[in-house]
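Please look over the sequence and the model below before reading on. The report after them is meant for a reader who has not seen this structure before.

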Amino acid sequence: MRQDHLISASHLSREDIEAVLDRAADIDDDPAAFRQRHAGKVLGLCFFEPSTRTRMSFDSAMKRLGGQTVDMGPVESSSVKKGETLADTVRVVEGYADALVLRHPSEGAATMASEFVDVPLVNAGDGAGQHPSQTLLDLYTIRENAGLDDLTIGIMGDLKYGRTVHSLAEALTNFDASQHFISPESLRLPRNVRYDLHASGAQVREHTELDEVLPELDVLYVTRIQRERFPDENEYRKVAGQYQIDSETLEAAADDLTIMHPLPRVDEISPDIDDTDHATYFEQAHNGIPVRMALLDILLSQDR
Ligand code: CP
């Protein structure tokens with residue numbers, strides 16, 4: 001990987017992505033070969049926002065590489081409550097760790113924090129900005145189930161505030177992927193993401209209805225409406241529950257459609273889909289282990 005940090009999926013080349021995905025496949029094939037790879041190293045977890053998957057899978061990944069983790073814990077019990085700045089927090093924690101994972105509610109926080117540290121920093125979600133390590137596990141899941149080239153993908157839900165969507169859409173421009181975005185008008189992709197996609201020559205179409213495109217899709221990537229990002233609860237209520245899929249919705253889908261979701265879900269995917277061959281979201285979440293092990297292995301092994 002060319003960078004010391006992982007801040008945005010737009011910084012990832014196809015070569016970078018394939019290096020992580022190939023290493024993750026090696027880990028999946030022979031996890032024992034990596035068990036002591038980073039013994040003696042420590043990963044710092046700084047989460048200023050709630051998380052289950054990202055926090056726990058980075059924690060587990062580091063331990064499965066033979067390393068250890070130190071966790072800032074909840075913001076409420078940290079010195080952030082005494083007014084410590086993000087810059088000071090990461091400058092202190094880099095002295096306790098060989099790499100940092102940062103989640104923060106403010107877009108741009110990871111970029112800013114990375115300017116204050118010399119150890120590798122992974123952006124684990126910055127507000128409605130980016131979530132690039134999620135994208136790597138999403139791409140791994142797509143590669144395993146549908147292939148990454150000659151791919152037709154539908155990305156549905158909250159495209160405005162969904163950081164996993166911004167990262168995935170930008171990373172997919174490295175592949176021969178046709179991207180369909182399905183959302184209410186008020187939750188379209190942000191202008192800057194649309195601009196970046198067009199500038200990189202991506203094949204992009206926008207829709208308000210899933211049935212316009214469902215039969216063509218190899219992958220349907222569903223996202224939660226990000227209630228916590230809406231400045232006005234009334235605006236959330238106008239779009240809540242508009243995009244829900246169940247067995248009836250899927251009657252028009254290809255038999256081998258892969259359904260993904262970064263999770264957590266609220267009501268976007270009916271539980272009656274969970275036991276079908278389409279449901280890939282729990283496998284996707286589990287892929288966080290080999291993919292984050294691979295990412296940490298690469299970042300911690302770089303000669304810096
Ligand atoms: N997908 C994801 O980022 O989940 P968490 O918020 O639980 O980490």
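What follows goes through an annotated domain, several paired strands and a few residues with their contacts.

## The model and its annotated domain

This is a predicted model. The UniProt record, an unreviewed entry, gives residues 150-298 the annotation "domain: Aspartate/ornithine carbamoyltransferase Asp/Orn-binding".

Strand β5 (residues 151-156) pairs with β6 in the parallel sense, over six bridges. Within this pairing, Gly154 stands opposite His180 of β6. Between the two strands the chain passes through α6, and the β-α-β crossover formed in this way is right-handed.

Strand β6 covers residues 177-182, and six of its six residues are buried. On one side of β6 lie Ala177, Gln179 and Phe181, and on the other Ser178, His180 and Ile182; both faces are covered. Strand β6 also pairs with strand β7 (residues 203-207), in the parallel sense and over five bridges. The bridge partner of Gln179 in β7 is Val204. Helix α7 (residues 191-199) belongs with β6 and β7 to a β-α-β unit that is right-handed.

## Strands β8 and β9

Strand β5 has a parallel pairing with β8 as well, over four bridges. Here Met156 stands opposite Val222 of β8. Strand β8 pairs in turn with strand β9 (residues 258-260), in the parallel sense and over three bridges. In that pairing, Tyr221 has Met260 of β9 as its bridge partner.

Strand β8 runs over residues 219-222 and is covered on both faces. Val219 and Tyr221 are buried on one side, and Leu220 and Val222 are buried on the other.

## Positions listed as binding site

Which residues does the UniProt record list under "binding site"? The unreviewed entry names Lys82, Arg163 and Arg224. These positions span 143 residues in sequence and their farthest two C-alpha atoms are 33.0 Å apart, so they do not all gather at one spot. From this set, Arg163 and Arg224 are part of the lining of the largest pocket.

Arg163 is located in helix α6 (residues 163-172). Is Arg163 buried or exposed? Its relative accessible area is 8%, so Arg163 is buried. Leaving aside neighbours within four places in sequence, Arg163 has contacts that include Glu49, Arg103, His104 and Arg229. Other residues in contact with Arg163 include Gly125, Asp126, Gly127 and Ala128. The backbone oxygen of Gly127 is reached by the side chain of Arg163 at 3.1 Å.

Arg224 is located in the loop between β8 and α8 (233-239). With a relative accessibility of 15%, Arg224 also falls under the 20% cut-off and counts as buried. Neighbours within four places in sequence aside, Arg224 is in contact with Asp158, His261, Pro264, Val266 and Glu268.

Glu49 is placed in the loop between β1 and α2. Its relative accessibility is 13%, so Glu49 counts as buried. Not counting residues up to four places away in sequence, Glu49 touches Arg103, His104, Pro105, Arg163 and Arg229. With which side chains does Glu49 make polar contacts of 3.1 Å and 2.9 Å? The contact of 3.1 Å joins the side chains of Glu49 and Arg163, and the contact of 2.9 Å is with the side chain of Arg229. Ala25 is 24 residues from Glu49 in sequence, and their C-alpha atoms are 30 Å apart in space.

Ser51 is found in the loop between β1 (42-47) and α2 (53-64). The side chain of Ser51 reaches two backbone nitrogens: that of Thr54 at 3.4 Å and that of Arg55 at 3.1 Å.

Note on methods
Residues numbered from 1 in each chain as written. Predicted model: local features only at pLDDT ≥ 70, side-chain atom pairs only at ≥ 80, totals over all residues. Heavy atoms only, no water. Buried < 20%, exposed > 50% of the residue type's maximum accessible area, 1.4 Å probe, protein only. Pairing = 2+ DSSP bridges. UniProt positions renumbered as here; feature names shortened; annotations may be inferred. 1 Å grid on protein atoms, 1.4 Å probe; cavity = no way out; pocket = protein on both sides within 12 Å on 5 of 7 lines; lining within 4 Å. Contact = heavy atoms within 4.5 Å. Polar contact = N/O pair within 3.5 Å; in protein donor to acceptor, adjacent residues only side chain to side chain. Right-handed = clockwise from strand over helix to strand, strands pointing away.
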